[in-house]
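Reader: I am new to words such as cavity and crossing. Please take me through them on this structure.

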Amino acid sequence: VTKSTRPEHQLDNRRSGFAESNHPRPVRTRAPGLGLFMNVVRDVPMLPIIVVVSIVLSFTIDGFMSVGNLQNIMRQLSVILIAVTGQTLVLLIGGIDLSMGATIGLASVCGAFTMHYMDSSLLGLLACLATGSAIGALNGFGVARGGLQPFIMTFGMMLTVRAVAFLMTGGFSVGRLPKALLQTGRMNIAGVPLVFILGVAVALFVGFTLSRTVFGEKIYLTGSNPRAAAFSGIDVQRLKFQVYLIAGATAGAAAFVFMMRLGAATPTAGDQLLLQIIGSVVLGGTSLNGGEGGIIRSCSGAVLVAIIIKSLEILGAQFWDQMIVIGILVALGSALGAWLSRLRTRESKRDDATELLDHLPGATSVRD
Amino acid sequence: MLTHNRQKVSLAALAASLMTLVTAMPARADNLPGAGLSVCLSLDKMQAFREGELKLWRKAAADLGIKLVEQVAGEDAQRQSSQIDTCIAQKVNGIVAIPWDNQAVLQDIERAHAAGIPFVTVDQAPADTSTVDTHIGGNPTSDGLHAGRRLVALVGDKPTTVVDLQGALSAVNGVERDKGFKEAIKNHPNIKIVSEVPTEWHPEPVLGGMENALQKANRYAQVGAPNHVIILSIDGDPQGCGAVKDGWMDAGYATPIGEMTRNSLQAIIDIAKDHKKIADKDRVQLLPGLEYTKANFSTTSDNVWGCAK
């Protein structure tokens, strides 16, 4: 027989490990070791899987844990880490941004042209961010003010943006970028690729904003229940606009890192990225229905995808084999996420009931 | 390309088609020139033409005793770069690549060279060919030019309209073939391009649509028939080969991929094993396509990859 407590700040398990809610929730009591493990599983479902997979692969694949391979994985992750942060925000408010891949393509082209003619990496970065933000703002306007379905709005935007990128380049990639940019893109700091550090920095910043600010709270509340959010004083339309704008900006940042990594911009840059971005977010456990998920979850999904892809590459599997494995993983990951979500809901209801009993005179609650 | 005049509709298709293959690599003999060498083959994508190339690469590798590590990038520059990184980490003896992105591959070439690994590009040239050990490709401009000249010869002064089925606007080969074709017809005002269709190297739906349209207009006829449509195709794929052989297509221009694939592996052997330095003047090898028609089919078909049994 235990009693529940009501601390001021409890971990809200709808979110990633970043999250700390102001909403009071009952404490779940478990055996200490198992409780910690279960909390990790609930908060970042892919983290234990990443650990187990990495251990298995390090014993089974020659050179998997080599510095060179780990650096390759980190470089591969650099663009994705940035892009998934923006997509996560959009999914958290119950939207979706299908134009993100195309935005990366167009932003990279605009950034490359700017650098090509101005010979300034900084101006190139600004061009990428401006292009991404402009597209994000259009998406946000269409969804928030125009009332368009996010799928339709961003799908239309994807086609348009892709076509514009092709018109600007004639379909060719744009190279001859400033040498300083290419050298920076290849730079390692303490053995860690700089592009990866940039990706992690963006993910940390967005993760912090999501979990530690009122803005983040509003995103979760809007995604969970837009009507309740509106009743509680949140300007839902404005928030949606802001989220799509930020997502566009992250796509612009991803485009810049893409150029740092590859030394070129191409209108097709994002064609293959979109599914990888959405797959990583869903695999990590962020719900497509909004209101549930987080940056760490999405990043963990991206890491798992990158590890699996690289391992299969080393084993000689072709990309279509890799896609099959990733497809199965995404399906299993989302099933796991849904199961954990149901588990949390059940536990939450049980805890609420227990709490109610605790407050009834003379009543006790029996717990497992 | 589809050409149309008052009396006659002409079709010229720049198209590739499907070819399935399964080959097995025979056991390597130690006395073969490439014995002990491991070569990373990085393809930009997989479709009919690449399958044809891959088949010949496997054959050439088996003949030379080379172990091929095959990677397909799936039209993704990032993935191709990552796969090349993996090959470098695996310390292969050479890399042969068909780049998806002719700019992005420059970084890959630089990384491979930094690791002491020779890099050869095939079919699609990098943006700067001086960076690569050697580039071996077809001559798309020349192929397009020949196709255009053939069309000019066939239609003479008759008013003619053309439908141009292009490869892809983002691929050098597609663009250059188109450029060569347009160059050949530019001084012939009677020939007018009325439609340009980028097929993105997936010509089957377009070709199917064109065939249906021609059948409906009663223009689907063999070479020599009064309502025949002139068809010219670049690539030498199995469909093209069959069409020339059976008299449905006027001429094809076969990319010499047998020579290309073998030369690329030989270049790796020369550099990695025999430490030969390829001279600057020989760095780029552009091999013109072979024109094959029904008239010369018996003498040319052996060198057309799509005609191989």
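**Cavities and crossing helices**

Author: Helix H2(B) gives the most to the lining of the second largest cavity, with 3 residues. This is a predicted model: local features need pLDDT of at least 70, side-chain atom pairs count only at pLDDT 80 or more, and totals for chains, interfaces and linings use all residues. Residues are numbered from 1 along each chain as written, chains are lettered from A and ligands numbered from 1 in written order, and side-chain values use heavy atoms, without hydrogens and water.

Reader: Which residues line the second largest cavity?

Author: Lining residues have an atom within 4 Å of a point. Among them are Gln76(A), Arg261(A), Glu313(A), Asp76(B) and Arg79(B). H3, H12 and H13 (295-314) of chain A and H2 (77-89) of chain B each give two or more residues. Helices are DSSP runs (H or I, at least four residues), numbered from the N terminus.

Reader: How do the lining residues of the second largest cavity divide into nonpolar, polar and charged?

Author: They divide into 3 nonpolar, 4 polar and 4 charged. Ala, Val, Leu, Ile, Met, Phe, Trp, Tyr, Cys and Pro count as nonpolar, Asp, Glu, Lys and Arg as charged, and the others, Gly among them, as polar.

Reader: Why is H8(A) called roughly perpendicular to H9(A)?

Author: The axes of H8(A) (residues 194-212) and H9(A) (residues 214-224) cross at roughly 75° and come within 5 Å. Axes are lines fitted to C-alpha atoms, for helices over the stretch in contact, and angles run from 0 to 180 degrees between N-to-C directions. Under 35 degrees is roughly parallel, over 145 roughly antiparallel, 65 to 115 roughly perpendicular, and the rest oblique. Therefore H8(A) is roughly perpendicular to H9(A).

Reader: What makes H4(A) oblique to H12(A)?

Author: H4(A) (residues 100-118) and H12(A) pack at about 130°, with axes 7 Å apart. So H4(A) counts as oblique to H12(A).

Reader: Which residues of H4(A) and H12(A) meet?

Author: Met100(A), Gly101(A) and Ile104(A) meet Leu273(A), Leu274(A) and Ile277(A). Contact means heavy atoms within 4.5 Å.

Key. On a 1 Å grid over the protein atoms alone, a cavity is a set of points where a 1.4 Å probe fits but cannot get out, and a pocket is an open set with protein on both sides within 12 Å along at least five of seven lines; lining residues have an atom within 4 Å of a point.
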